[in-house]
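I opened the notebook to record what I looked up, one topic at a time.

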Amino acid sequence: LFHIFSNSGAHTACQLARAYKAQTGLGLRIGALILDSAPGINTYRGITDGFIGGLPSTPVLKQLLSLFVYGLVGIITLKEAATGEYHWMQKMRKDLNEEELFQSMRGRVYIYSKGDKIVGWKDVESHAEDAEDKRLGEVRKQLWEKSSHVGHMTSDGEKYWNVVRSLWDFEPMFKSKL
């Protein structure tokens with residue numbers, strides 16, 4: 001079971017899958033993939049809100065660090081625009097839907113919310129639709145209405161773990177390429 005939280009967790013998962021492929025020549029073989037509050041897209045607001053959400057709550061310190069985050073993300077955004085580089089989030093979104101990197105026997109579930117201020121629910125749904133188009137196995141979507149970013153389990157734990165159990169208990173009708 002590969003349970004990914006937020007864009008930073010998805011980015012780390014993609015790095016792990018790339019390292020595994022480099023060492024073995026195979027995609028990362030997993031039983032089921034859960035994407036909780038991911039993947040988003042690379043908007044300036046989403047990226048800065050993601051970083052600022054993890055800052056200390058001391059008002060003066062948070063304001064100073066927020067200015068730093070806005071400036072740093074702005075510089076990176078300008079650099080990418082000037083050089084034509086792909087943002088790491090664009091690469092991450094692409095990698096998550098590459099069968100050569102992720103091979104999931106039971107498929108995947110996206111758990112996300114309209115109340116998430118960091119990762120937009122429409123961005124998650126567009127990624128799920130891409131996974132369906134690529135026929136990456138069973139693709140499920142579980143939309144919460146008001147829960148916060150990575151706050152779905154605390155919002156409704158019974159529903160959350162039923163979604164996880166349902167995916168884990170799923171018996172595929174076809175044999176995966178594992």
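**Entry 1: the model.** I noted at the start that this is a predicted model, and I read each value below as computed from it.

**Entry 2: Asp116.** I looked up where Asp116 sits and found it in the loop between strand E5 (108-113) and helix H5 (121-133). Is Asp116 buried or exposed, and which side chain of opposite charge is nearest? Asp116 is buried yet has no salt bridge, and the nearest side chain of opposite charge belongs to Lys117, 8.4 Å away. I then looked for polar atoms around the side chain of Asp116, and found the backbone nitrogen of Ile118 at 2.8 Å from one of its polar atoms. Setting aside neighbours within four places in sequence, I listed Ser37, Ser147 and His149 as residues in contact with Asp116.

**Entry 3: salt bridges.** I reminded myself that side chains of opposite charge can pair when their charged atoms come close. How many salt bridges are there? The count comes to eight, and I followed up some of them.

- Lys91 forms a salt bridge with Asp95, with the closest N and O atoms 3.9 Å apart. Both residues lie in helix H4 (residues 88-96), four residues apart, which is about one turn of the helix. An α-helix has 3.6 residues a turn, so residues three or four places apart point the same way. Lys91 is partly exposed at 41% relative accessible area, whereas Asp95 is buried at 3%.
- Lys94 and Glu98 meet through their side chains in a salt bridge of 3.4 Å, N to O, and Glu98 counts as buried at 18% relative accessibility. I also found that Lys94, Glu98, Asp130 and Lys134 are linked in a network of salt bridges.
- Arg140 and Glu138 form a salt bridge between their side chains, again listed at 3.4 Å, N to O. Arg140 is buried at 18% relative accessible area, while Glu138 is partly exposed at 28%.

**Entry 4: helix H7.** Which residues of H7 are buried? I found Tyr160, Val163, Val164 and Leu167 buried in H7. These four cover an arc of only 95 degrees around the axis, so they lie on the same side of H7. On the other side of H7, Glu158 and Asp169 are exposed. The cover over the buried residues of H7 includes strand E1 (2-5), strand E3 (33-36), E5, strand E6 (139-144) and helix H6 (152-155).

**Entry 5: helix H2.** In helix H2 (residues 44-53), I noted that Gly46, Ile47, Thr48, Asp49 and Ile52 are buried, and that their cover includes helix H3 (59-83) and H4.

**Entry 6: backbone details.** I wrote down first that most residues other than glycine have a negative phi, and most peptide bonds are trans. Where is the cis peptide bond that I looked up? A cis peptide bond joins Ala38 and Pro39, with omega about -5 degrees, and Pro39 is in the loop between E3 and H2. Ser37, found in the loop between E3 and H2, has a positive phi near 60 degrees, and Ser37 is buried with a relative accessible area of 0%. Arg135, in the loop between H5 and E6, has a positive phi near 55 degrees, but Arg135 is exposed at 73% relative accessibility.

Technical notes:
Residues are numbered from 1 along each chain as its sequence is written. This is a predicted model: local features need pLDDT of at least 70, side-chain atom pairs count only at pLDDT 80 or more; totals for chains, interfaces and linings use all residues. Side-chain values use heavy atoms; hydrogens and water are left out. Helices (H or I, at least four residues) and strands (E, at least two) are DSSP runs, numbered from the N terminus. Buried means under 20% relative accessible area, exposed over 50%, partly exposed in between (1.4 Å probe, protein chains only). Lys and Arg count as positive and Asp and Glu as negative; His and the chain ends are not counted. A salt bridge is a side-chain nitrogen of Lys or Arg within 4 Å of a carboxyl oxygen of Asp or Glu. A polar contact is a pair of N or O atoms within 3.5 Å; within protein, one must be able to donate a hydrogen and the other to accept it, and residues adjacent in sequence count only if both atoms are side-chain atoms. Contact means heavy atoms within 4.5 Å. The arc is that of the directions from the helix axis to the C-beta atoms.
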